[in-house]
Amino acid sequence: MAGKFQKTSMYIDHNPAIIENGDFRKNVDDDGRPKRTGTWMTASAHIITAVIGSGVLSLAWAIAQLGWVAGPAVLMAFSFITYFTATLLADCYRSPDPVSGKRNYTYMDVVRANLGGRKVQLCGLAQYSNLVGVTIGYTITASISMVAVKRSNCFHKHGHHVKCHTSNNPFMIIFACIQLFLSQIQNFHKLWWLSIVAAIMSFAYSSIGLGLSLAKVISGPHARTTLTGGTVGIDVSASEKVWKTFQAIGDIAFAYAYSTVLVEIQDTLKSPPAENKAMKRATSIGIATTTVFYVLCGCVGYAAFGNDAPGNFLTGFGFYEPFWLVDVANICIAIHLIGAYQVFCQPIFGFVESSCAQRWPESEFINGEYPINIPFCGQFCVNSFRLVWRTAYVVMTAILAMLFPFFNDFLGLLGAASFWPLTVYFPIEMYIARTKMPKFTFTWTWMKILSWVCLVISLVAAAASIQGLATDVKKYKPFHTEQ
């Protein structure tokens, strides 16, 4: 090891060369932290990685519950809501002035600067519980995609009638081992390349799913579709129609949500141009790109499978052939989720590490950095606390994923609980507080109506998630692990 030095913040990667060359100010930003290098392009990659999850492949199921009229309308409505509230949140990165004010490094910092009080604790609870849930859910989903590759080859070799049982647990362990290595990347600033790879993977598997669906539509026979989705008495019972409709609306609403990591993404941007301008540009590109893919995959998938659309037509074997193309798509899903896991866990790492650094500033275990030179990669800083804590976190998420394979339904409940406060309520309330908007004006009224409508959506989606979770728990067999 080349040496050891103390760091004052878990977000700062101190580089001795910055101080040695006597040109310190040129290498740091206005807050004393290393010069940010992110652009609207890298921010767009982060957003696409965060937003386009493998859930894009389940949108055909969501459209099947809502039908040709409500399905695309709900998709477009939530794309607008997410874009609108994200632009409000982008203006809160600096306060009180959105261009020259003091930086806020996390969502909690933003709420503290603009609202304060108990709302800060509510924000932290909603944000970090959701982030932890997402990382556990991604561990499960990635393992399902890996298992799908093995099962696809089995079906191709032995026929579609063979069950091809495969345990998810070994693949969860493989996924966790990869994350153990990647989790030692210090922060978001170092993750731009991983997000670009993950974004490319998301385009790849979405395009494959879209292409296979389109081929199925063209080749026929045509699946049965309706204007209102699943038909009561034919496809579903009356109660199932209600619950599945609520669940589909919730799935679409949460499919766009990335507010849990928006502030952290914005903190990677260099200035000029102003961070809020670059972030709004990245948001418009990210949301527009995801909306196009969502509408295409959802609608073409519904046209291909009709009211019997599977929850995920790549891992749920809506397609068996060509098996090699299905394998490529599932490998792309797994690679994308490797990157997405890091996008969602880095804010957790940053929060815990910065809190510990502030509480124990003299601790060598927590704050000591050991720079080592890695051939062809340059200097890499090793921190004892980061090594132990991040390893423990990845192991914990893998164990929970193995213990609760139905956790994805619980993730829907977490999404319902966090969607309204993080994506809608806080951005609107902070905008109202920042602009000192008078009550009962036109803008104040319609913003409040939007907030209340989204609250109702969150509540009914939460109810649908609880109903689905209760159903899955009843069906759950502890030793039956295949997907």
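**Helix packing and a cavity**

Modeller: In this predicted model, helices H5 and H13 make a right-handed crossing.

Biologist: At what angle do H5 and H13 pack, and how far apart are their axes?

Modeller: The angle is about 65°, and the axes lie 9 Å apart. H5 covers residues 118-158, while H13 covers residues 384-403.

Biologist: Why give both values?

Modeller: Two packed helices are described by the angle between their axes together with the distance between those axes.

Biologist: Which residues in H5 and H13 meet?

Modeller: From H5 they are Leu131, Val132, Thr135, Ile136, Thr139 and Ile140. Their partners in H13 are Tyr393, Thr397, Ala398, Leu400 and Ala401. Sorted by class, this contact of H5 with H13 holds 8 nonpolar and 3 polar residues, and no charged ones.

Biologist: Changing topic, how many cavities of 30 Å³ or more are found in the whole structure?

Modeller: The search finds 3 of them. The second largest cavity has a volume of about 50 Å³.

Biologist: Which residues line the second largest cavity?

Modeller: The lining consists of Thr82, Thr85, Ala86, Leu89, Ala257, Tyr258, Ser259, Leu262 and Thr423.

Biologist: And which helix gives the most to that lining?

Modeller: H3 does, with 4 residues. Helix H3 (59-90) and helix H9 (259-266) each supply at least two residues of the lining.

Biologist: How do the lining residues of this second largest cavity divide into nonpolar, polar and charged?

Modeller: There are 5 nonpolar and 4 polar residues in the lining, with no charged residue.

Terms used:
Residues numbered from 1 in each chain as written. Predicted model: local features only at pLDDT ≥ 70, side-chain atom pairs only at ≥ 80, totals over all residues. Heavy atoms only, no water. Axes fitted to C-alpha atoms, helices over the stretch in contact; angles between N-to-C directions. Left-handed = near helix turned anticlockwise from the far one by under 90°. Contact = heavy atoms within 4.5 Å. Nonpolar A, V, L, I, M, F, W, Y, C, P; charged D, E, K, R; others polar. 1 Å grid on protein atoms, 1.4 Å probe; cavity = no way out; pocket = protein on both sides within 12 Å on 5 of 7 lines; lining within 4 Å. Points joined across faces, edges and corners; volume = space filled by probe spheres on them.
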